[in-house]
Amino acid sequence: MTREKIYLFDTTLRDGQQTPGIDFSVEDKIAIAAMLDNFGIDYVEGGYPGANPTDTAFFAKKRTEKAAFVAFGMTKRAGISASNDPGLAELLQSKSDAICFVAKSWDYHVKVALGCTNEENLASIRESVEAATAAGKMAMVDCEHFFDGYKANPDYALACAKAAYDAGARWVVLCDTNGGTQPPEIREIVAAVIAAGVPGSSLGIHAHNDTGQAVANSLAAVEAGVRQIQGTLNGIGERCGNANLVTLIPTLCLKESYSSRFETSIDTEKLVDLTRLSHAFDELLNRSPDHQAPYVGASAFATKAGIHASALLKDPRTYEHVTPESVGNFRKVMVSDQGGKANFINALKRRGIEVDKNDPRLDKLISIVKEREASGYAYEGADASFELLARRTLGSVPEFFGIEGFRVMVERRFDANGQLKTVSEAVVKLEIDGQRIMSVAEGDGPVNALDLALRKDLGKYQNEIDDLELVDFKVRILNGGTEAITRVLIESTDATGVRWWTVGVSENIIDASFQALMDSIVYKLMKNRSLAGKIAAE
């Protein structure tokens, strides 16, 4: 039996950016797009070029290798030709593979929000799709408020979907913008759209989570015939969020009722990276992962109830609906057994590190990682630091240089013009091949000064790190009070475009930063010598 493909469309960088408290930088977007692309998502929607400087800069070049890179924007305005609409021109000129046009499909919104006639709105849909296709881009139309619009005026909502499809849109996406539609309604309305002449193979679903049913509504739409699902990493998005792709993907891949009929671009090998992807994304957002998240949460396969734990030890299937290893997670009650080891062995193998399950050094590494994570380290979001720790424990890492010590000073004073300013200065003492080197630098804050001083003179290695760039710096306070434990996560890149993440933890934010900076430089030197596995930098 031939399985039909369900296409996965990620809108983390566009709809997800509407989450309160989330504001992606261009560097954030580049990193997340690469994560999604490497994981195997079919479509990565990057934002709205022309709407703000960040998105415009992000679309100045193509940001994916395998996934289709999608720009989002409005259909052309009524009363203006497609060739004279500046918003449409921005979309057509962006370095995207596809354009997803948002179009009103509820006649009430056409009248109130757009202030045009129903027919003018249909013309805008048609002409925008035709313009995108003529420019060599795949066209999609997101029918905003489709389900509410259908309930209010089914003929007009269907006319909008038909106009998009007939004009040549590859995908017509039915959006439950307000998130209040129920699964039975989704099935019924999708069936009506297909009956009206838009085939399921060209239909998508974009469900919001306002009643906690975005995943259920997405699956109901698949059952009814749609073949594209839109969602976000960890379900982020405005208000209550979007359909969570981290929950939908393993459900489609691992549950027989779906996997026997459908396939996705995520194969079994990629699926084991799911937990790492989810947690790394949360770290990038500088927030704690949801421990009770389905499939990927720290508690998803954990139990402490005696009778449950006893049954799990006898046969994990008694209390597990899938094997935790299938999604890159692990069983909590069996922390030191083969299940826990298998997870580590798999993580190491992906980094090109082979280790026997009976090697005592593996037990030592597991113990160190668990001890460090208990004290605040988070290695899901700092692969480079994890790899260095693993290599130091299981083998060796070259002693490129030694640190005798460092000092950081912050001075707040009035300058010659009477302006109050804060000056940060750092001094770092290194030793390379027996030679002592002292570097001094001023910076925009103590961490920047320390970073500049550390990389100012690295002796014979200096030319190797000239292209090393610190592109992001995130701080999380792990407990309250002025004596709080601080975690610092640093993202670095170099001229190759490869990115890696390092972590440091200390009661002192400068010391935590220094740990992460040191790991970044050592990883760079290892990478230059092909001594570090590529996965940590993907």
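Two strands are said to pair if DSSP finds at least two bridges between them. In the predicted model, three strands meet this description and form an open sheet in the order 14-15-16, with antiparallel pairing. Strand 14 (469-477) and strand 16 (499-506) stand at the edges with a single partner strand each, so one side of each is left without a neighbour in the sheet. From one strand to the next, the twist averages 20°.

The pairing of strand 15 (residues 486-493) with strand 16 is antiparallel and extends over eight bridges. Within this pairing, Thr486 has Ser506 of strand 16 as its bridge partner. Helix 13 (residues 274-284) lies across strand 14 and strand 15, and runs at about 85° to strand 14.

Leu517 is part of helix 19 (residues 509-528). Leu517 counts as buried because its relative accessibility is 3%, and the cut-off for buried is under 20%. When neighbours within four places in sequence are left aside, Leu517 is in contact with Val447, Leu450, Asp451, Leu454, Leu470 and Ile490. The C-alpha atom of Leu517 is separated by 12 Å from that of Ala382, although the two residues are 135 residues apart along the chain.

A charged residue, Asp142, was also examined. Asp142 lies in strand 6 (residues 138-144). Asp142 is buried yet has no salt bridge. The nearest side chain of opposite charge belongs to Arg14, 4.2 Å away, whereas a salt bridge requires a distance within 4 Å. Not counting residues up to four places away in sequence, Asp142 touches Arg14, Cys100, Phe101, Val102, Ala103, Val173, Cys175, His206 and Gln230.

Notes:
Residues numbered from 1 in each chain as written. Predicted model: local features only at pLDDT ≥ 70, side-chain atom pairs only at ≥ 80, totals over all residues. Heavy atoms only, no water. Helix = DSSP H or I, 4+ residues; strand = E, 2+ residues; numbered from the N terminus. Axes fitted to C-alpha atoms, helices over the stretch in contact; angles between N-to-C directions. Contact = heavy atoms within 4.5 Å. Buried < 20%, exposed > 50% of the residue type's maximum accessible area, 1.4 Å probe, protein only.
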